[in-house]
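Subject: Structure handover

Hello,

Here is the structure you are taking over. Please open it first, then read the notes below.

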Amino acid sequence: MKSSILTEKHKLGLGGVAIGTAFEKLTDGESYEVLQKAWDLGIRYYDTSPWYGLTKSERRFGNFLHGQNRDEFVFSTKVGRLFVEVPENEVPPTMWKAPLNYDFEHNYTADAIKRSIEESLERTRLNHIDIVYIHDLSEDQVGDRYPYFLKQAREGAFKVLSELRDQGVIKAWGMGVNKIEPILDCLDSADPDICLSATQYSILEHEDAADRLLPAVKKAGVKLVSGAGYNSGFIAGRNRYNYVDVIPKGMTEKRDRINEIAKKYNTNVIHAALQFVLAADEFAAIIPGASKPEQVKDNVNALNEKIPTDFWKELQSEGLIYEKVQVPN
């Protein structure tokens, strides 16, 4: 990585989607229990976004982290949307179960990026942000306006974030998206350090990323962070896949078969999923979210578990994972 900001101790981080009330109306107290458990268990990489809960997740992370030693953890947040406070009846419909009273607009200009960073610093009360991800600049979020916003980012966000990095204001930047193409487009026209790839590389679905994304970032010297490595809870048994309620054909059977094989080796599909992602050299970290302290503890257990090599061989022999991918040793 051009920036060696994420080291071995940051391989397992905590993502902020659940704390932003994506799946249930998590209270402040419940969210702080999750954050405290993560801290107590040695997690030192925290990722959130002003988008999560319409600034709620970012505030919660800040309320907890501003009381910790700033030199002890890495913090990343995101830019690409600007937020304005509105009356409760004007809050737009979103995926968040209990958002704050804000409306938003996508904006990837240089001025908007600088304003977004300033507002994130105010909300979190932290004195700096380590990694800034350009959030949701991708067709699944902005639709047919993608070319328009990509041009805006090439002239604005990409340049200003490189300048802020070179000035030492931030330590690293990259894309934070759910698709492969925006990362490839960014690599073509800018010099990011690290990109957050959500939903593209999991134990269930990884062929496209293995063929197109991983070789491209390796060539560019850019590292990846995995978001939604559990396909937003589907691997853990939730009735959703990559943040939507439609389960792709065959995925339930594939998940259940992997879990069945895992049980033979005294492990489970969740632990295997976490280790699968981190086995790829291109991934510096994985940042599963959590709505309960027990989930954080289980992720730490998954990181440290020794899964027999024969388990991975059996998955490969059944064609359940792509023959081109790296698996844990």
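Predicted model: local features only at pLDDT ≥ 70, side-chain atom pairs only at ≥ 80, totals over all residues.

How far is the sulfur of Cys195 from the closest cysteine sulfur? The gap is 5.5 Å, and the partner is Cys186.

The cysteines
The count of disulfides is zero. Cys186 is in none, and the nearest cysteine sulfur to it is that of Cys195. Both residues are covered. Cys186 is buried, at a relative accessible area of 0%. Cys195 is buried too, with 0% relative accessibility.

The chain as a whole
The protein chain has 329 residues, and 57% of them count as buried. It holds twelve helices and ten strands. Its C-alpha atoms fill a box of roughly 55 × 45 × 40 Å along the principal axes.

What does the radius of gyration say? The protein chain has 19 Å. A compact globule with 329 residues would have a value near 20 Å, so the two agree.

Take the contacts with a separation of 6 or more: 75% of them join residues 24 or more positions apart.

The accessible surface comes to about 14000 Å². Carbon and sulfur atoms account for 46% of that surface. On charge, the chain carries 41 positive and 49 negative side chains. The centres of the two sets lie 2 Å apart.

Helix H10
Look next at helix H10, residues 269-279. Is this helix mostly covered or mostly uncovered? It is mostly covered: eleven of its eleven residues are buried. The buried residues run from Val269 and Ile270 to Leu278 and Ala279, and among them are His271, Gln275 and Phe276.

What covers them? Two strands are included: E9 (223-227) and E10 (283-286). Helices are included as well: H9 (251-264), H11 (293-304) and H12 (309-317).

Gly156
Where does Gly156 lie? Its place is the loop between helix H5 (146-155) and helix H6 (157-166). Gly156 counts as buried, at 3% relative accessibility. Set aside its neighbours within four places in sequence, and Gly156 is in contact with Tyr108, Thr109 and Ala110. Ser189 is 33 residues from Gly156 along the chain, and their C-alpha atoms are separated by 12 Å.

Two positive phi angles
Two loop residues deserve a look. Thr21 is not a glycine, yet its phi is positive, near 70°. Thr21 sits in the loop between strand E1 (14-15) and helix H1 (28-40). Thr21 is buried, with a relative accessible area of 0%.

Ala228 is also not a glycine, and its phi is positive at about 55°. Ala228 is found in the loop between E9 and H9, and both of those elements are among the cover of H10. Is Ala228 buried or exposed? Ala228 is buried, because its relative accessible area is 13% and the cut-off is under 20%.

That is the handover.

Best wishes

Terms used. Residues numbered from 1 in each chain as written. Heavy atoms only, no water. Disulfide = S-S within 2.5 Å. Buried < 20%, exposed > 50% of the residue type's maximum accessible area, 1.4 Å probe, protein only. Helix = DSSP H or I, 4+ residues; strand = E, 2+ residues; numbered from the N terminus. Rg over C-alpha atoms; globule rule 2.2 N^0.38 Å. Contact = heavy atoms within 4.5 Å. Areas by Shrake-Rupley, 256 points an atom, 1.4 Å probe, with all protein chains shown as cover. Lys, Arg positive; Asp, Glu negative; His and termini not counted. Charge placed at Lys NZ, Arg CZ, Asp CG, Glu CD.
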